[in-house]
Amino acid sequence: MAKARSTYFCQNCGFESAKWLGKCPSCDQWNTFVEEVIEKTASKVPDWRTEKSSNRTSKAAAIHSIVYKEEARLQTPDKELNRVLGGGIVPGSLTLIGGEPGIGKSTLMLQLALTMPKLKILYVSGEESEQQLKMRAERIKQSSQASCYILTETATQNIFKQIEQVEPELVIIDSIQTLHSAHIDSSPGSVSQVRECTAELLRFAKESGTPVFIIGHITKEGSIAGPKVLEHMVDTVLQFEGDRHHVYRILRAVKNRFGSSSELGIYEMQGAGLREVSNPSEILLSHRESTTLTGISIASMLEGARPMLIEVQALVSTSAYGTPQRSATGFDARRMNMLLAVLEKRFGFRLSIQDVFLNIAGGLRVEDPAIDLAVIMAIISSQQDIPIPSGVVFAGEVGLSGEIRAINRVDQRIAEAEKLGFEKIYISKYNSKGLDISRYKIEIVPLSKVEELFQQLFG
Ligand code: TYD
Ligand code: MG
């Protein structure tokens, strides 16, 4: 019997230390060290690693002598997922899907398993029973001809045994936090277990060429539970996010060795599973027919590399109490305060005695500075009680002196506005250089100052 050995791990970054530390020397976080017992059983348990890789020797090869053949990516029926993965699933890749509990990770993966009839898929669940999974599959209603196998197991050694029997072409692990390996003595979900199980799955994926998806939970702080090391080990990290009270979900590539990390996919959670949303602008622009409403403007923004139009709503009203209220949903409150200060100081709008409420429609959280212009216009439209004409889109960042600053990928934003039938887009003058305005049907108005825009729209 080997002697029990314990180490301390930082729960934030996975830093390992022989003794307890108050502050992590690696990530500078306080009070993150937890003791974990790791007792290496003198590897009697057969596993993927001991069986396969011990008799293999590797040699250095000149790069020009390496024959590279474009490996066929597996196309899934889910176009949003293909897009986020960079064009399909790469053979032998390890993908981590992170997200808060209840966001829909299991639903997304089970749906994938049920919609690929030609592929043998093993869905390993440590969280739900077979009956529960069957119930969910019934709900998604695609369980007819799929060759999907369900395994409810948490010991990695048993999982690999089943893999050898079933010989799946794709493996899905429903939650790495429930797995445990016999090589390590600490409890499931601890840093060392999560790390060891991921390493075993990684070896399996690389040596067998079978793609593996791993579901991982997310901590309160928003990072994937277990350490950052997990993110280093896998090829692709996808984040499934969204407001649980809204139906829209965003699947975002945080890291991708085989594609762009600025891609994202959008889904809608329905009663019968997730539905792909291929044209997000249409759902985000809710009530466009109401042309007489004030305080509403449309912005052309980019989420990752994907352009979409969103509605910005503002309400400015006389403050009933001494201190005016400021509230922003889906937009940075500090940035809103800065824009309000610009309006007050540069253009003399008396906003400091008024309540200002700002809302981004659709429950989205926007960080793109290009929506500044739409935010300012919605606020002034509400304050002056003048509606913004329908068919108008804004795309520009606003600086501290009230200038309209250039933004990135302006042509994509213009194209999106044009595609959705808008008539006019206001952009920065500095963006119009090198832009072939005659190419677009939509009218493009380049401006350098916010007051020019006020004159054009509000007189
Ligand atoms: P789930 O996939 O279990 O989330 P996770 O694995 O990320 O914890 O999804 C749970 C939520 O999704 C649950 O609140 C119910 C909802 N849901 C639907 O709205 N429609 C459906 O068809 C399914 C299967 C789930
Ligand atoms: Mg789940």
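User: Is Glu167 buried or exposed?
Analyst: This is a predicted model: local features need pLDDT of at least 70, side-chain atom pairs count only at pLDDT 80 or more, and totals for chains, interfaces and linings use all residues. Residues are numbered from 1 along each chain as its sequence is written, chains are lettered from A and ligands numbered from 1 in the order in which they are written, and side-chain values use heavy atoms, with hydrogens and water left out. Buried means under 20% relative accessible area, exposed over 50%, and partly exposed in between (1.4 Å probe, protein chains only). Glu167 has a relative accessible area of 56%, so it is exposed.

User: Where is Glu167 found, and what is its phi?
Analyst: Glu167 sits in the loop between α5 (156–166) and β7. Helices (H or I, at least four residues) and strands (E, at least two) are DSSP runs, numbered from the N terminus. Most residues other than glycine have a negative phi. Glu167 is not a glycine, yet its phi is positive, about 50°.

User: Which loop holds Asn31, and is Asn31 buried or exposed?
Analyst: Asn31 lies in the loop between β2 (16–17) and β3 (33–37). Its phi is also a positive value in a residue other than glycine, near 60°. The relative accessibility of Asn31 is 61%, so Asn31 counts as exposed.

User: Is Glu311 buried or exposed?
Analyst: Glu311 belongs to strand β14 (residues 306–318). Its side chain makes a polar contact with the side chain of Gln313 at 3.0 Å. A polar contact is a pair of N or O atoms within 3.5 Å; within protein, one must be able to donate a hydrogen and the other to accept it, and residues adjacent in sequence count only if both atoms are side-chain atoms. The relative accessible area of Glu311 is 3%, so Glu311 is buried.

User: Which are the edge strands of the nine-strand sheet?
Analyst: The sheet is open and its pairing is mixed, in the order β6-β5-β7-β8-β4-β9-β10-β11-β12. Two strands pair if DSSP finds at least two bridges between them. Each edge strand pairs on one side only: these are β6 (148–151) and β12 (273–276).

User: In which sense do β7 and β8 pair, and what is the bridge partner of Val171?
Analyst: Strand β7 (residues 170–174) and strand β8 (residues 212–217) are joined over three bridges, in the parallel sense. In β8, the partner of Val171 is Val212.

User: Which residue of β11 stands opposite Ile250?
Analyst: β9 (residues 236–241) and β10 (residues 248–256) pair antiparallel over six bridges. There, Ile250 of β10 is the bridge partner of Glu241. β10 is also joined to β11 by five bridges, again antiparallel. In β11, the residue opposite Ile250 is Ile266.

User: Which element gives the most to the shell around ligand 1?
Analyst: The shell divides into four nonpolar, seven polar and four charged residues. Here Ala, Val, Leu, Ile, Met, Phe, Trp, Tyr, Cys and Pro count as nonpolar, Asp, Glu, Lys and Arg as charged, and the others, Gly among them, as polar. At least two residues each come from α3 (105–114), α4 (130–140) and β11 (264–270). With three residues, the top contributor is α3.

User: How much of the area of ligand 1 does the protein bury?
Analyst: An oxygen atom of ligand 1 is 3.0 Å from a polar side-chain atom of Arg136. A polar backbone atom of Gly104 is likewise 3.0 Å from an oxygen atom of the ligand. Taken alone, ligand 1 exposes 560 Å² (Shrake-Rupley method, 1.4 Å probe). Of that, the protein buries 76%.
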